[in-house]
Amino acid sequence: RADSKCVIDGCSFTYNEAERDAGGLRLEGTFQFSGNKTIVSNNRCNGVNKFAALNRVLGNGGGIQIYGYAGTADAVGGTLTYRLPECLEVTDNIANGYGGGIAFEFNTDKLTNGTNIYADFDGTLIERNYAGISGGGVYMTDDTPEEKNYSFFVNLNSGTIQNNTAPDGGGMYISKLDVSSDAGGTKSLYIRNNTAEDTDGTGDGGGIYLNAGNLTLQRTVIS
């Protein structure tokens, strides 16, 4: 439902497995992590496609798949806000496709025309996750049709993305998005010890792989 809201406070999602997407959690609509620490750890999604008509890569979001929608395809307006605060830890998850820790994807069949989408990284720990294709820690992309008139706002304000692995974008894989950080903030974002490595010895973007779009970072350590 477009007007629904999920509040997650002090929960553990561990050692789960999905044949397709979202090993630990699949979140649609608006949600909130708040209060006590929530742990998403040791989950896996395999990407088994039992439906030949699905023309997309499966196995996305080893820990969390954020698959948002609001209202119906013919409605106008709407806002989705995704905040990843310091009370959230996403560790040791595996995705055979995109986004070992977290994959941001959007349902273009249901997402409301003109929707504003906010994704704010505010202190989350994303560590030791693995993706088989791209985005060991985090995978984010905008593949929505231009006529839908969506607006994406991604803010990398603070947090730690470390020790994640993927063939492309060991820490983060960002495609077709404009990403920035809060100029007035006081905390830092750490992207460190991530690895881009494929089975043939190749790999691009150990910390961040930016594939189209714009990236502006402040108070950020990439090491």
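Modeller: A salt bridge is counted when a side-chain nitrogen of Lys or Arg lies within 4 Å of a carboxyl oxygen of Asp or Glu. Side chains of opposite charge can pair when their charged atoms come close. Here Lys187 and Glu86 form such a bridge, with 3.6 Å from N to O. Lys187 lies in the loop between strand 18 (172–180) and strand 19 (189–192), and Glu86 in the loop between strand 9 and strand 10 (88–91), so the pair ties together parts that are 101 residues apart in sequence. Strands (E, at least two residues) are DSSP runs, numbered from the N terminus.

Colleague: What kind of model is this, and how are residues numbered?

Modeller: This is a predicted model, in which local features need pLDDT of at least 70 and side-chain atom pairs count only at pLDDT 80 or more, while totals for chains, interfaces and linings use all residues. Residues are numbered from 1 along each chain as its sequence is written, and side-chain values use heavy atoms, leaving out hydrogens and water.

Colleague: How many salt bridges does a search of the whole structure find?

Modeller: The search finds 5 salt bridges. One of them joins Asp122 to Arg83, whose closest N and O atoms are 3.1 Å apart. Asp122 belongs to strand 13 (residues 116–127) and Arg83 to strand 9 (residues 79–85), so this pair links distant parts of the chain, 39 residues apart.

Colleague: Is Asp122 buried or exposed?

Modeller: Buried means under 20% relative accessible area, exposed over 50%, and partly exposed in between (1.4 Å probe, protein chains only). Asp122 is buried at 19%, whereas Arg83 is partly exposed at 41%.

Colleague: Which residue forms a salt bridge with Asp92?

Modeller: Arg128 does, with the closest N and O atoms 2.8 Å apart. Asp92 is partly exposed at 23%, and Arg128 is partly exposed at 41%. Salt bridges with shared partners join Asp92, Glu127 and Arg128 into one network.

Colleague: How many aromatic pairs does the structure hold?

Modeller: Rings of Phe, Tyr and Trp (its six-membered ring) pair if their centres lie within 6.5 Å; planes under 30 degrees apart count as stacked, over 60 as edge-to-face and the rest as tilted. The structure holds 8 aromatic pairs. Among them, Tyr139 and Tyr173 are stacked, at 5.5 Å centre to centre and 15 degrees between the planes. Both Tyr139 and Tyr173 are buried.

Methods
Helices (H or I, at least four residues) and strands (E, at least two) are DSSP runs, numbered from the N terminus.
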